[in-house]
Amino acid sequence: MDRPSAVERSLREAAPHEIFDVMCSVIERRHHARSVDLLLVDYAMTRLQPVGVLPHTRSAVSVYDSAPGRAFGAQEPHCVYDRSASAVAVYLPVSVRGDRLGILGVTLQVGADEELEAAVLADLQQCAAALAHEVVVAERDTDLFLQARRAERLTLAAEMQWQLLPGRSCARPEYSLGAQLEPAYAIFGDSFDWSASADDLYVTVSNGMGEGIDAALLTNLAVNALRNARRAGLSLSDQACLADQAVYGQHGGHQYLSTLLFRFHLPTGNVEIIDAGSPRVWRVRRGVVEPIELEAQMPLGMFEDTAYVPQHFQVEPGDRLLFISDGVYDALSPGGEKYSLRALAASISSTRLLPAPQVPRVMLQELLGHRGSGPAADDSLVMCLDWRGRTDVDR
């Protein structure tokens, strides 16, 4: 077999829209595969859709009750044997640094009583990992993979918001993080961002006022102002102040943004936080679900020259934090009943055994069950962070 570096080199030399075709050729040549498919998860994270096949209405498969969906949820390879056809379908996660992109499906020939060789499975996993990295890079230069994620057309505001996001999940030894927005194809004001360095994890969760394009433009302005300040090495307080000035300078206090800003110190678990508004924070510690009470300060851009003062708290290994926007709390049932804090606490408790990247999707599905199928009055955001911290060896 070729070395994995040869596969990576072939992908890097391919045109962005051809990297999956190159991967198909490599797998077919190495393993005599009967078929190779790349399924990417849609924006709502409910369907896996094939690359290069439009429309997706007949060819998509469910994340919840399908063999590819099982591999996607568990983030482990899943094999389905068809002994009558002497074949095995192998489904492998296509993920990069914890960001779950989709599934690589490969159908191979096996003997009637044979199992898939461990070496073959390992090689397919390396192919899936290499493909994941190249898909992320290729999205800068081709629409092929972004189109594959669309079960329906995005609104223009939603297009702007999804392009603003860093991803939908990420992982490091110290933490695992996942977030989701609804309605996925028509969001406008809610957003999130994160960035990690050697010793710090920065997280922001925003709930912008307004609707449609105006809300998306407001959020884009604030998030990019926060990024500009963070990348200049400014403190969390100064990041909030710069974004506040940018929003106020543009809108004069007529539009503003509720935002939570966090800096997690990875070696110690100390958390610096500014509550500018804001979406709310819940904690699950040793099975106990409780809100974290914070001192609310002015939203970004409401007044000129607002000074922001950080608060501090400590996270412990095993803690789970959830950041939840007003669109969840204020969601109404068809009968006008508000989604209560008790219902939210029950949803947080019922998802406690799921990995962090899966929690937002499941919680928002439960919210949809409460709200019904009608149009949402506001967009909703859920972010989940599982904190593991550093061991003595890591330090």
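**Figure 1. Salt bridge between Glu139 and Arg149 in the predicted model.** Glu139 and Arg149 form a salt bridge whose closest N and O atoms are 2.7 Å apart; a salt bridge denotes a side-chain nitrogen of Lys or Arg within 4 Å of a carboxyl oxygen of Asp or Glu. The pair links distant parts of the chain, 10 residues apart: Glu139 is in the loop between H4 and helix H5 (144-148), and Arg149 in the loop between H5 and helix H6 (156-164). Helices (H or I, at least four residues) and strands (E, at least two) are DSSP runs, numbered from the N terminus. Arg149 is buried at a relative accessible area of 11%, where buried means under 20% relative accessible area, exposed over 50% and partly exposed in between (1.4 Å probe, protein chains only). Residues are numbered from 1 along each chain as its sequence is written, and side-chain values use heavy atoms, with hydrogens and water left out. Because this is a predicted model, local features need pLDDT of at least 70 and side-chain atom pairs count only at pLDDT 80 or more, while totals for chains, interfaces and linings use all residues.

**Figure 2. Salt bridge between Arg12 and Glu134.** The two side chains meet at 3.7 Å, N to O. Arg12 belongs to helix H1 (residues 4-13) and Glu134 to helix H4, so the pair ties together parts 122 residues apart in sequence. Arg12 is exposed, at 59% relative accessible area, whereas Glu134 is buried, at 13% relative accessibility.

**Figure 3. Packing of helix H2 (residues 19-31) with helix H4 (residues 118-138).** The helix axes come within 10 Å and cross at roughly 170°; axes are lines fitted to C-alpha atoms over the stretch in contact, and angles run from 0 to 180 degrees between N-to-C directions. H2 is therefore roughly antiparallel to H4, a term for angles over 145 degrees.

**Figure 4. Surroundings of Asp319.** Asp319 is found in the loop between strand S15 (311-314) and strand S16 (320-324), and counts as buried at 2% relative accessibility. Leaving aside neighbours within four places in sequence, Asp319 is in contact with residues including Arg283, Gln314 and Trp387.

**Figure 5. Salt bridge between Glu272 and Arg263.** The closest N and O atoms of Glu272 and Arg263 are 3.0 Å apart, and both residues are buried. Elsewhere, salt bridges that share partners join Arg172, Glu174, Asp199 and Arg390 into one network. The count comes to 18 salt bridges.

Notes: Angles under 35 degrees count as roughly parallel, over 145 as roughly antiparallel, 65 to 115 as roughly perpendicular and the rest as oblique. Contact means heavy atoms within 4.5 Å.
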